[in-house]
Amino acid sequence: MKKVLILFIACISLFELKAQKKLPKIDIQNLKGQIVSTQSFVSSDMPVVISFWATWCKPCLVEMQTISDVFDDWQKEKAFKFIAVSTDDSRSSSKVKSLVAGKGWPFDFYLDPNQDLKRALNINMVPFLIIINKEGEIVYEHSGYTVGDEEFLFKKLKDL
Amino acid sequence: MKKAFLILILLTLYYQVSFGQILNGDLTGSFESNNIYYFNDITTNALQPENPFGSNNYLKLDYRKGLFSAGIQYEAYLAPLVGYNPLLEGNEFVFKYIQFANNYLNITAGNFYEQFGSGLIFRSFEERAIGLNTAMDGVRINFKPVSYINLKAFWGKQRKYLKNGSGVVRGIDGEIDIMNAIHQDQNSTILLMGGSWVSRFQTYTGIVEDYPSTVDAWSARMQFEHGFFSFYSEFVEKTNEPTINNQNSQEIGNALLISPSFIGNNIGVNINFRCLKNMEFRSEREAVSHTLLLNYLPALTRQHKYALANLHPYGAMARGEIGGQIDVFYRFNKDSFLGGKYGMNISANFSYYQNLDYRNEEYQKFLSFGDKKLFQDFNVELEKKVSSVLKINLSYIDMQYNKGAIVSGGNDFINSKIAVVDVQYKLNSRSSVRSEIQHLWTKQDEKNWVYGLVEYSFAPKFSVFASDMFNYGYTNIHYLSGGFAFTHEVTKFMISAGRHKEGLECVGGICNQVEAYTGINFSITTSF
């Protein structure tokens, strides 16, 4: 336990020293099953929200539906890209394409079936949101979803 | 740990930079700690373990600079929580790696996770929630000579609790994006084809003649998409290996997965058909439970979100199973007759599984239907935003669960019907209340159940919940539970207390019985 604590403190103090962390370059899949690098997520015109979710995760579905409902209104106020990365493994990853079509969600969808990207970003659980600025730096991270969280996300986006 | 630091120092020397500069790379990580203090509970027969305090801890660190990265994961189980294998007790730097990656080559030395195709032949992964980690320890190479070809190879040993198992595993996988290879531009039609070979060697010192020390498996797969239609299929064959898990069967293993999807405007349909015959594949022949699994055979059924719907979970029958599921998702648009002002979502699923027919006493027929139904589930869910502050979800589930076949090998059905009302009410822009009422009707097993939950949350930091799951007519036990969670950006603290029912936990074709427990739980998760 002592070792863990020392390491934990060491990490946090190192964290204070370092610069803004970047989105790591990881291969994931698009809904067609083709390999896509996360490099292509970065946009030079607008911030990008990346949301990690799963078809079996209740708060994830609530969050996605909520953002979908206000998406057009938000876009009028502040342009941003919304990428949804499903962390479903092969138990449910084949349902993602039909589920998002059946919900009519207006986002860009990707699959992370063996959680390579989730792990590289050190995400413990879904839902999890990050915002990437035009330089590809991670400027905001949020774990979990409770009703009303979306307002804080939008405020953060407008501040960028 | 020493090794990891040595690696970092070597990297520093290689670049001839000062330690100050190395800090300009990215150091990220995560920490998770789950702790439970257990009590004796005569009502549920939950016993306090000899060490009443269980604690599972994970610390992960990754360092990236340029094309190199390195990382570690430290795990401490002092003692392992109830439901985790007692053999996990201890603490260890279980995961260490260094990696070089540019646009076409990725080399990892040390520990890694990998998946070939859908994982039917090979998947190494981590599922902390049930103490499953099948990480490999060896070398992994991923080579993309051109944009439409992806080649992978690995060899190594597999994690067994906090150490490595004795089997040696090697595998190769190749995938080609055929339409891209022909046209080299954007295509409306997609055709991907792939194949894998995975082989395991473990010395055999027993007395059985011709006993296989090597088990080989190969697979072929394809993905096709055109317009509204897409299709995925994978076939696997595995050589024989008599083990305790397959009752010393000499059968070869086979698996076939066929999964078409259709999508349209506001509608999506997905079908899965799968047949498994003797497909349990492990890196040690003596391995049992959630250890040393080489492939991933999930139950292809609806993964339910509600407590009572998860009382009787189906686990895929790796020994022999045939069946499938169909999912339909549909959205009624805003301002349509049924959609109303905000629209309405409906989804339905039907799942059905049966055992395989036998050619003789020992051999099953692949792609045949036996005489035993294993599982059937029909469920439908309606999701409706009634007003700007009120959302209602209604679910109905009709489930037939062959407890005998799934748990003990007999033929003993639990037929249940479950109804769920889930209401979310927004009090103001930051606070909301959510409530669930669930009821399960059955004449078998422990008879009827009722469940209630109330959750209050105050965005973005606080939430508190209380729930009760009550069995009436048989045990008359209340499973009360309550808790509080605090979230600050990426850090989450949670305290909860309550009674937990014994039950099955199924992952990748393997189900584990978890004992009942009563306790106070404290957890913290964060990333940095």
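Two residues are in contact here if their C-beta atoms, placed from the backbone, lie within 7 Å. The views below come from a predicted model.

**View 1. Helix α2 of chain A and its packing partners.** The buried residues of α2(A) pack against β3 (48-53), β4 (81-86) and α5 of chain A. These buried residues are Cys60(A), Leu61(A), Val62(A), Glu63(A), Met64(A) and Ile67(A). Helix α2(A) covers residues 58-77, and its 20 residues should span 28 Å at 1.5 Å a residue; the end C-alpha atoms are 28 Å apart, so the two values agree. The helix also has a kink of about 55 degrees, centred on Phe71(A).

View 2. Gly144(A) counts as buried because 23 other C-beta atoms lie within 10 Å, where the cut-off for a buried residue is 20 or more. Apart from neighbours within four places in sequence, the contacts of Gly144(A) are Pro59(A), Pro127(A), Thr487(B) and Lys492(B). Pro59(A) is 85 residues away from Gly144(A) along the chain, yet their C-alpha atoms are separated by 7.6 Å.

**View 3. The side of chain A that touches chain B.** The contact between the chains takes 49 residues from chain A and 69 residues from chain B. On the side of chain A, α1 (2-17), α3 (96-103), β7 and α5 each supply at least two residues. The largest share, eight residues, comes from α1(A). Sorted by class, this side of chain A has 20 nonpolar, 16 polar and 13 charged residues. For the complex, the predictor gives an ipTM of 0.92 and a pTM of 0.92.

**View 4. Strand β1 of chain B and two strands paired with it.** Strand β1(B), residues 26-39, runs antiparallel to β2(B), residues 53-65, and twelve bridges join them. In this pair, Phe31(B) stands opposite Leu59(B) of β2(B). Strand β1(B) is also joined to β30(B), residues 517-527, by ten bridges, again in the antiparallel sense. Here Phe39(B) stands opposite Thr518(B) of β30(B).

View 5. Strands β10(B), residues 136-143, and β11(B), residues 149-160, pair in the antiparallel sense over eight bridges. A hairpin of five residues joins β10(B) to β11(B). Phe143(B) stands opposite Leu151(B) of β11(B). Strand β11(B) also runs antiparallel to β12(B), residues 163-177, to which eleven bridges join it.

**View 6. Residues 12-21 of chain B.** Over this stretch pLDDT stays under 50. The model has four contacts beyond four places in sequence for residues 12-21 of chain B. For chain B as a whole, the mean pLDDT is 91, and 94% of its residues reach 70 or more.

Notes
Residues are numbered from 1 along each chain as its sequence is written. Chains are lettered from A and ligands numbered from 1 in the order in which they are written. This is a predicted model: local features need pLDDT of at least 70, side-chain atom pairs count only at pLDDT 80 or more; totals for chains, interfaces and linings use all residues. A residue is buried if 20 or more other C-beta atoms lie within 10 Å of its own, exposed if 12 or fewer, and partly exposed in between; C-beta atoms are placed from the backbone. Helices (H or I, at least four residues) and strands (E, at least two) are DSSP runs, numbered from the N terminus. Ala, Val, Leu, Ile, Met, Phe, Trp, Tyr, Cys and Pro count as nonpolar, Asp, Glu, Lys and Arg as charged, and the others, Gly among them, as polar. Two strands pair if DSSP finds at least two bridges between them. The expected span of a helix is 1.5 Å times one less than its number of residues. The bend at a residue is the angle between axes fitted to the seven residues ending there and the seven starting there. pLDDT is the predictor's confidence in each residue, from 0 to 100.
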